[in-house]
Amino acid sequence: MRSTHPTKPAVGLLALLLSLLALAGCRDVPVDDFEYEGGTAPEPTGVVQGTVLYSGPPPICQTDEDGSVVPVGNVILTLFEFDNPPPPAGSASSAANLLTIPGISFFEAADCLPADPAPEDFAFITRTAEFTWPELPLGGAYQIRGFFDYDGNFNPFFSVTNIPTAGDIGGGAFVDPQATLRAYRRIAFESEELRPNGQVINGVSVALGAPVNTERPVFYLTSDDWLDSAGTLPTTTDLVARENAILDATGTTLHLYDAEKDGAAFDALAAAFAAAGMPVTRADGSYDPRGFRIGDLNGDEVSHAWYVRPVDADGDGAQDLHPTLGAAGVNWLTPIVIMQRIRSAAETEAGIPDVLMVPTVSNVAFLLQGKRVYDDEIAIGVPPISAVQLNPADARCQVPFIPSGNTTSIYERITVECQEVPTGLYGVNALQGLAGARQIGGAPGAEPMCTPPDSFPDGTPIPEFLAEDGCFDYPEIPPETARQLERCNGDNRCAINASFTGTGYDLEGGTYSSQNWGVPNALGDPSQIPDVTGTADALTPAGQILFAQQGLGGAFAVTDSDGASIDGGADCSMALDDDDESPTFGTVRAVNYRVFSEYFEGRTDLDEAGKESARQDLQDLCCEPVAHLCGIPLCPLAAPPTHPDAQVRAGITSVEGGVPNCVPFEIPDFCCPGIP
Amino acid sequence: MGYRRMKTTLCRLASLLAVLAFTSSALADVRTEARRHFRRGMALVAEGQVDEGIAELELAYDTLPHPNVLYNIARAYAEAGRYEESIEYFERYLASDPPDKEEVQGFLEAVEARIAAAQDTAPAETPTETTETPSAPVTTLATDEEIDALEDSATQIATLAEATQSDSLRERAQRLRDLAQQLRDARDGVAATPTEAPMADTPAAPLDAPSLDLGEGSEERSEGLYDETVVSASRYAQSPLTAPNSTAIITPQDIRMTGHRHIGELIRRVAGADVMSLSPAQTAVSFRGFNQRLSPRVLVLIDGRSTYVDPLGATLWGSFPFNVEDIERIEVIRGPASALYGADAFAGIVNIITRPPGEPRTTVSAGAGSHGQVHLHASTSGRVDRLGYRFGVGYNRADRFTREVGADRVDSYFVRDNDIAWDAAHLNGTLTYRVSNEVELYAQGGINTNTLNIQGTGPLRDFVTEGETSHAMAGMRTSWGSLRFFWNNISAIGVLPSRPLSIDPLYSVFDWNTYDVEGELAREFHFVVDHNLHFGASYRRKQIAWDYIDQERFENHGAIFFQDTLGIVDALDLVLSARVDFHPLLDAPVFSPRGAVVIKPSDDQAIRASFGTAFRTQTFLESYVQLANPTPVRGVQVVALGSEPAANLLDTPRLSPERILSAELGYRNEMSEYFDVQMSAYYNRVTDLVILGQVRPFTLGQIGNADSGAGTIAGYDPGTATYPLGAINFTNDPTVFDVIGGEFELRTYPVTGLDIWANYAANHTFVEQSELRDTEERTSTHKINFGIQYRAPFGLEVALDFHWVSDQVWLEQVFDAAEGVRFQEFDLDGYHMLNGRIGMRVLEDRLSLGVVGYNITNNRQRQHPFGQKLDARVMGTASYTF
């Protein structure tokens, strides 16, 4: 089909072709939509650039595989939201971001500490390195805390390695590094709207010059009892008695490991630490600058400590009330203990919500009197109130579950499900032990603390050397004796000066790190617990840092004593009332539980219909993730191997299309309207 | 669309159709059109209407050249005694270096001898006249009746020429008129000596003149001429009707008419093809589901050479060392084909067959358009005696559809140009040498130096590669089989072109080589029934040095295969195939059977039932990668591990090959000259897909602790200044996928020059035993293609392709600050594309001008969650062939 002659269209096409030729390369390539708009373009971010100033001892070095001498440690910088630093100043359990600078960026081979250093070899040196911290969310305000991981044993992903240890050099980005009371610099980014191409903040100086003198506390959990899922809070109006009742209810204690007294348990712990690449140095062992020193509660070097002091998370200068029990007058102390119900992989797949409980630690009364507790064991009380996270994406969806029969007034103001605490095993984490603090003047002990009794409680006379100055000389007391002397006060407690830590050390600082943070947050990390049914023989597979005391064996159990998971006690719609002005509780009245009714009450821009709609939206937001669990029967009760005398809900055995064969606790009624 | 606007549009469409209908007198699709002319021509010749028949044959040849048409024209002339004309066509036929070259040359000599004999005889009978009219001894033999017949024939051909607007027919008619006039003039000049011997019918032959018998095989060459053939479905040329698989062919006309430069866009037109354009340099292709970036489940062959990039499991379309102008045709085989091609022929095969050497043809093309599009091409082919050659050179360039990071960003830095998506220059050459009628040697080589913007795998996305892609191939084709060796190489660097400040761009050097040897025996014989047996073996050595894998790696693969097509009866074929592959990382050889029954109720329709399996083995990336992946937390990385290092470090199971089991029922009908129909229904069961799993957090014992008994990962990497959160390793997805689907294709040629084609594909996947997903919806449930091609007699060409797919849902991995890497579902709305080309052929079709529109409606779609957002593009092209 051949044409015979060129035609006008051909001329036109030729002209068009030439014009297109001229077009080639004339147009800029458009940028895709940002990721949050469904596109592929990364959203604009903030960048911090600056300098890290190191002032500390020469680094330990090692010979690399290629024969070069390199420093062992690296600089670790952590970024926290400025208004929510880690405890005790804030409640952040995890850094928002992490940046590292290799030690080789600071030091040369000539800087290295000699193999057999003399004391003068530890004289401080000063070095600097540049840093660039990219991909920070715009619109946020941050503070930078950091340290030089002198011994190279830091790793952010494991609870035993994710804080500074003794010998590390701490610091941060301060407003004035020379100030006595140093404040963190506020590093604020503008919004994405103002900075569509990102924002770079230059000239941020990070000063690292405060040696960390303490190791982090290493603890384990013991319980004389376990919490009954249908338990109730104490009903006395005496705040001290109420707290003591809570503390006694579960008989649960956090114990610091002591290299001298924990025997076989310590050996297992030390072996696990060694397997984790962290050699442990006993109190009487030879000094290893890279060794981790556990326990040594009575040694002559600064060691571990609970840093028991009031929590001031809101920064108002006053002690905060406990988030769960605060309405009942219970204060909030460090360490902050969080229990999170351990979920199996099947439960995770099935979308079973997370359940949290926040216990309270002991000794409110003594704090009120300016006194501190001398103890390597801290009693914790576990209130029978759990927080179920229906939708982890929105904090408003955290709904308390309270068993029937509890006081009502504080819960009528928020969305509450009157329902027993979900049974199961709860992994335990403690925020804010102590690390990074600076020891002031060595170990305490000379100061008289109290008048000792003439004899021990069993009638054994107190040795004279302990009583010659009217008090005991703390460092010289054998551990066993010291333990017995803890009960020197009439209330079985031994008070010490409030400027000392719980274990008796006079320390300052230590606020730039907490015991437990990670990326991601390692709170109750179920992936480190291989078998939540408890049938696994060894909870410590080779190299896995899972100790019997910290893993399943140390998990806190919530059991169901009567086999009736729901409404096992009083009528859920009726509860003890604390508003009757009577000295004791006991008045029973109808409870006005609300469904997300606290929200939007103050909104003046919404009429009643609008408020109701907004509430419904919120309820939908919170309930949608668990809607598929409505109507599914409860899993049967079973006795876990670790608690043969108790009953917990058995686990899910199958999941089909995200729907499990049973649920380990009931989903809130308000999420399942009309479904029994 | 308002009523008025719709009405206007409909009216315009109707007008267009009317114009098309009334301006037409020939048929449409070139192959069909040529076939029709050919059949008519042969019928006319058989009826004794030689000139009319030859005119039709010439039309066929003009429409779609084929040497056998020349042979048949020559033969028709020879049988009509018009030897001089037959000589011309025989010589043209011989120029194509046909297999029967020697026979035809012998016949040609015989014809020339006969003419010489006739010339010798004529002077003996009419010596005086011959002396007086030496220039035309034969013409003196013409009678008035013969001259009248010749003029009548010229008139008829002229009529036909006007009807078809055929220049060649006009020329032909004019030549006949001239000849008639010449004869009449000659006769008038020698009226005193009329001859008894007719000019054409019975020239006097001397007794010793050579025989005109062409011998065995000299019958007309019409068998299969202009019928479509596929060679990929069974490793030999056969009609798609008898192929054991569902097939599609993309013709040179499709390539030319659509104006696409990218092969993937051509394949988009095929029913059941899953095609997603991720960037102008990268189009991912699969069939019947399970498409993903890098196209790992389709085996793409170029002239039988595998282009599968083993380290990535990818087909890098933009790195091919030729342009679409070099393509003779593209064969698409849907469904598993491991029984013939081994690993990687999982979802189907694309066999790109380049233009053969020897054709006297030189083409120069150029194009330019919006978005930095440039297209240059030059190729030449020809023949020197037994040596055929073809050489080509070309260049392509295009800007990205979109870039991920704007040039004004202050939080990023730029490693490479973020505007260019495709910048590639290539050179290729092919030589053939016919040793004898049964033995041909060939050699081929090519190199492409390129910059490509491609989408990576897992959470790693926007890559730029720079380097060279090279290949060399040599082999031998004989009547009893073939032997082939080829070498593939890619030497390139890869890098993420833009990154947040101080974030590693993952720069890597990539050097990959494969060495393949394939031998095959092919015999047709009769034993109880007819057999077409193919038996062969292959060996492939693969080598990769790449910064992303743990160390330089080598692998040796082997395979044996056979296929037999049993002609049970005329209407029933049974196809049996099997292959055994030996893979170094698999404990046992992989057996891949295939069977098919083809029933032919008539010559033009077939019913096919087939069953087959296929597998895909792990790539080097899946086997050996060991790469620190940055995360949004600057000091944290996730280590990607291949199955081998993961087995050592994490004690994870080694990978099993991906497997597919397929059953298919198909029907094809080519009975009508006005339409073709093909339909198929299939069931696939897919298991063991290789996926990048979720992050497995390291235990402390795995961090830098050699005493734990397991392998170790460095706790802190000073090179990247990061701590490893965990490993993300390739694993077999336990999900079992059951897929049902089908395709319906219709191609019709209602009026002259008009092709209308449409196809529809349905696909639905059922998921079993899944831990990751409730559904598998990355493949659209519905896909529709619709197109029109029109070629006007005066040279205008118009092509429009419409493509629509329904919604998709993708499960892809993204970096996450909390988990390192996690899966996320991405909804992808259904989208449509409208592509088109308008062109003009002038200067006797030698010059072709065109304007190509891509995504004409500027539907700003994304064809993959991470793909670039397509824009509208336009490009002008000019091509000159001589």
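Domain bounds are taken from an automatic or database domain assignment. On this basis chain B is divided into domain 1 (30–189) and domain 2 (246–617 + 657–689 + 733–881). The model is predicted: local features need pLDDT of at least 70, side-chain atom pairs count only at pLDDT 80 or more, and totals for chains, interfaces and linings use all residues. Residues are numbered from 1 along each chain as its sequence is written, chains are lettered from A and ligands numbered from 1 in the order in which they are written, and side-chain values use heavy atoms, with hydrogens and water left out.

Confidence was examined next. The predictor gives the complex an ipTM of 0.76 and a pTM of 0.73. Chain B has an average pLDDT (the predictor's confidence in each residue, from 0 to 100) of 83, and 85% of its residues score at least 70. Within chain B, strand β15 (residues 481–495) has the highest mean, 96, and helix α7 (residues 127–132) the lowest, 38. Helices (H or I, at least four residues) and strands (E, at least two) are DSSP runs, numbered from the N terminus. Residues 1–28 of chain B have pLDDT below 50; this stretch makes 31 contacts in the model beyond near neighbours in sequence. Contact means heavy atoms within 4.5 Å. Residues 705–710 of chain B also fall below 50, with nine such contacts. Where pLDDT is low, the predicted coordinates should not be read in detail.

The two domains of chain B have centres 45 Å apart, taken over C-alpha atoms. They touch through 15 residues of domain 1 and 12 residues of domain 2. Together they bury about 1400 Å², 34% of it on carbon and sulfur atoms. Buried area is the accessible area (1.4 Å probe) that two parts lose on being put together, summed over both. Zero salt bridges were found across this interface. A salt bridge requires a side-chain nitrogen of Lys or Arg within 4 Å of a carboxyl oxygen of Asp or Glu. On the domain 1 side, α2 (30–46), α6 (101–125) and α9 (167–189) of chain B each supply at least two residues. The largest share, five residues, comes from α2(B).

Over all chains, the whole structure holds 55 salt bridges. In one, the side chains of A:Asp32 and B:Arg862 meet at 2.7 Å, N to O. This pair crosses between chains. A:Asp32 lies in the loop between α1 (8–23) and β1 (45–56) of chain A, and B:Arg862 in the loop between β37 (847–854) and β38 (873–881) of chain B.
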